[in-house]
Amino acid sequence: MSTGALSDKRIIAVSRDVRFSPNSVDKDMAILQAVASRLAADYVVVDENRLEPDMECDICLSMARNSATLDILAGMEQRGLVVVNSPDSVRACRRSAIEAVMSNLGVPLPPRHGEDGYWIKRGDMAAQTSSDVRYCRDRDELEAARRDFATRNITDYTVSAHVVGDLIKWYAVKGGFFRYFYPSDDGRSKFGDESLNGQAHHYAFEAAALHEAVDAVARETGIVAYGGDAIVRADGSFCIIDFNDWPSFSRCRDEAADAIAAFVMRNYNRQKSI
């Protein structure tokens with residue numbers, strides 16, 4: 001897509017609060033600016049904590065997660081602005097909410113119990129530190145983690161069994177874009193948790209089925225730019241262990257930016273033709 005495809009439109013790119021970008025501030029900014037630059041040569045980047053309800057624009061690209069910012073974005077939508085990702089879809093991707101959506105849709109999820117340890121994850125919002133997503137070797141460690149969450153006033157969380165297999169990072173954009181990668185192949189990690197699954201064996205699996213599963217979740221929530229993690233077992237079965245709104249797409253940034261910008265253009269032109 002050529003730069004400046006919507007050069008006559010006012011575009012605001014809302015950057016994510018740094019607390020929601022642990023070890024990923026630069027990567028998150030890079031994908032946001034990559035999309036914005038494909039739509040207009042002149043755009044404004046606004047920190048989500050400084051977004052004002054009366055800011056004028058035609059299109060708002062948003063990586064925001066703060067509740068107050070999402071309320072402002074909802075007001076912008078009501079005025080007829082195109083907002084991607086929409087605030088309602090971002091709220092739907094909070095961990096405890098998205099797990100309920102996936103469960104209702106029959107999407108493969110990790111079991112609640114197992115013999116290889118457990119994961120406890122903050123459910124009310126995205127992880128801000130490594131202590132918000134913790135691996136516990138057994139039930140005793142899990143109960144200790146629950147108590148620690150309680151001392152931090154975290155009462156909304158999810159618990160699932162650790163699943164042995166290949167860890168993959170997948171990225172998607174509404175409209176068909178889908179890519180996946182093995183973190184153990186390039187060694188990139190946010191908190192280092194990927195090492196628990198070891199070096200990938202690259203077990204054969206149906207990538208189209210994984211895409212179909214996450215696409216169903218996206219249709220249900222309305223999310224446009226999204227990504228997450230999955231485990232592929234030795235028998236080729238998979239389960240989704242994470243689903244996030246607008247990841248950094250760092251492994252496929254240019255392709256993803258093209259796909260997101262194309263969606264925004266289609267959606268903007270469609271809305272204005274109604």
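View 1. Leaving aside neighbours within four places in sequence, Ser160 is in contact (heavy atoms within 4.5 Å) with Pro110, Pro111, Arg112, Tyr118 and Trp119. Ser160 lies in strand β7, residues 157-161, where helices (H or I, at least four residues) and strands (E, at least two) are DSSP runs numbered from the N terminus. With a relative accessible area of 9%, Ser160 is buried; buried means under 20% relative accessible area, exposed over 50% and partly exposed in between, for a 1.4 Å probe and protein chains only. The model is predicted, so that local features need pLDDT of at least 70 and side-chain atom pairs count only at pLDDT 80 or more, while totals for chains, interfaces and linings use all residues. Residues are numbered from 1 along each chain as its sequence is written, and side-chain values use heavy atoms, with hydrogens and water left out.

View 2. Arg122, found in strand β5 (residues 118-122), is buried at a relative accessible area of 14%. Not counting residues up to four places away in sequence, Arg122 touches Arg95, Gln128, Asp132, Phe149, Arg152, Ile154, Asp156 and Tyr157. Arg122, Asp124, Asp132, Arg134, Asp148 and Arg152 are linked in a network of salt bridges, each defined as a side-chain nitrogen of Lys or Arg within 4 Å of a carboxyl oxygen of Asp or Glu. Arg152 counts as partly exposed at 31% relative accessibility, whereas Asp132 is buried, with a relative accessible area of 1%.

View 3. Helix α1 (residues 25-39) has 15 residues and reaches 22 Å from its first C-alpha to its last, close to the 21 Å expected when 1.5 Å is multiplied by one less than the number of residues. The buried residues of α1 include Ile31, Leu32, Val35 and Leu39. The side chains of Asp258 and Arg38 meet in a salt bridge of 2.6 Å, N to O; this pair links distant parts of the chain, with Asp258 in helix α8 and Arg38 in helix α1, 220 residues apart. Asp258 is partly exposed at a relative accessible area of 29%, whereas Arg38 counts as buried at 13%.

**View 4. The largest nonpolar core.** This core has 32 residues, and those with the most contacts inside it are Val35, Leu39, Leu61, Trp246 and Phe249; a nonpolar core is a set of buried Ala, Val, Leu, Ile, Met, Phe, Trp, Tyr and Cys residues joined through side-chain atoms within 4.5 Å. The largest share of this core, nine residues, comes from α8.

**View 5. The interface of domain 1 and domain 2.** An automatic or database domain assignment gives domain 1 (11-85 + 252-273), domain 2 (88-109 + 163-245) and domain 3 (111-162). The area buried between domain 1 and domain 2 is about 1600 Å², of which carbon and sulfur atoms give 57%; buried area is the accessible area (1.4 Å probe) that two parts lose on being put together, summed over both. Across this interface the rule finds four salt bridges.
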